[in-house]
Amino acid sequence: MMRPPLPSDLPFIRRCLELAERPAAAVSPNPLVGAVITLDNQVVAEGYHKACGLAHAEVNALEEWKAYLQIHQLGEEAAAAATLYISLEPCNHQGRTPPCTDAILESGIGTVVYACTDPHPLVQGRGLERLRTAGLQVRGPVLEKEARWMNRRFETMVHQKRPYTVLKWARTADGYLDQGENGPGPRISGPQAQRWVHRLRREQAALLVGARTLLLDNPILDARLAGPPHPRIAVAGDSRPWPLNLQVFQRNPQPLRLPWPTDGPSGSGPTKSPEGLKSWHKTLLDEGLNSVLVEGGAKTLELFLQEGCWDEIHVIENPHMLTGKGTPAPAEPQHPLFSGNLGTDLYRVYLNPAWVPGQNAPDLNYLRDHFIPQPSLT
């Protein structure tokens, strides 16, 4: 039967959210999911979905639960008294793995508490309904906005049929990305900002740059300062071959190639085209990539900005660097969600107006805390 959540449910659901975020983009295109099992209000088993194609969070937690029962020589009565907390409604269909509802029912656990329902068309409440029909007590939602925000990449993929899109650039105090045709010039951002950017990379399934940026900067484009997973590399440009000695090929022998939109059937020149973006979106989703971090160059960033096709923008500014010339940085939206410092650099975060704090996103305080770099990361 369905019951309202209890105040005592909050810390266990928060723990589910913490567990869920551990693998970052390794789960793409699946959602992030964490699970906790309690007995007498004590956590006795935990699990999370570690990567796409591997066991789901509930199954991993239930494996720990089985071991706990054996060690303490407990039986069916303990199972009936136990509670399974999950950050997302369990699936009720056969995919790469069997339905999680089967494993839950086989465990004999008597109560399930969930953070939010699964928006995927194959789920959408069916998992919870099966558990309720089988006689389990089901409570929720609990911390629903926080849970959906955590899975904003998955939700965007399901509802909008495109990857969740994060734009990022670093600029000088006088508004330039680089020194133009003279090359990238000195590094703009400092070491703290670089570590923070690597965390952003770890959280997105793909990292997109333009071919000009790839050739001029010769970047490595990984998340080494934050640890794996590393994003899949995609490059926007024409069909010309790339030099094989570029650093990016050390980890990505075959980056995704996204053809730049052309202004006519003859393909006589590049243009900014929403149809081109749709093609890029399809390629990324077909590859199982539900989020993308766009790091430049200017033309690539402007394509997403012109179409309003972005969810977050992260701008790092070196307030002490002046170049006097170069490639102008894109114009920033008004009213940043957060403005602060990353070491010696200025840092601004913008959230697309489609995300409304307190409605389809958590409140402003929660979001600001989410985007403020923690000392261990900076």
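Val 112 stands opposite Val 138 in strand 6, and that is where I start. Strand 6 covers residues 137–139, and strand 5 pairs with strand 6 in the parallel sense over three bridges. Pairing here requires that DSSP finds at least two bridges between the two strands. Helices (H or I, at least four residues) and strands (E, at least two) are DSSP runs, numbered from the N terminus.

Before going on, the basis: this is a predicted model, where local features need pLDDT of at least 70 and side-chain atom pairs count only at pLDDT 80 or more, while totals for chains, interfaces and linings use all residues. Residues are numbered from 1 along each chain as its sequence is written, and side-chain values use heavy atoms, with hydrogens and water left out.

Back to strand 5, residues 111–114. Buried means under 20% relative accessible area, exposed over 50%, and partly exposed in between, with a 1.4 Å probe and protein chains only.

Strand 4, residues 83–86, runs parallel to strand 5, and four bridges join them. In that pair, Thr 83 stands opposite Thr 111. The chain goes from strand 4 through helix 4 (residues 100–107) to strand 5, a right-handed β-α-β crossover. Strand 5, helix 5 (residues 126–133) and strand 6 also make a right-handed β-α-β unit. Right-handed means that, with the strands pointing away from the viewer, the path from the first strand over the helix to the second runs clockwise.

Helix 1, residues 10–20, has Phe 12, Ile 13, Cys 16, Leu 17, Leu 19 and Ala 20 buried. These residues lie on the same side of helix 1, because they cover an arc of only 165° around the axis; the arc is that of the directions from the helix axis to the C-beta atoms. What do they pack against? The partners include strand 4, strand 5 and helix 6 (144–150). Contact means heavy atoms within 4.5 Å.

Strand 7 pairs with strand 11 in the parallel sense over four bridges, and strand 8 (residues 206–210) runs parallel to strand 11 with three bridges. Val 294 has Leu 167 opposite it, and Leu 208 also stands opposite Val 294.

Two side chains to finish. Arg 152 lies in helix 7 (residues 152–160) and is buried, with a relative accessible area of 2%. Its side chain makes a polar contact with that of His 370 at 3.3 Å. A polar contact is a pair of N or O atoms within 3.5 Å; within protein, one must be able to donate a hydrogen and the other to accept it, and residues adjacent in sequence count only if both atoms are side-chain atoms. Asp 178, in the loop between strand 7 (164–172) and helix 8 (191–203), is buried at 14% relative accessible area. The side chain of Asp 178 makes a polar contact with the side chain of Thr 327, at 2.7 Å.
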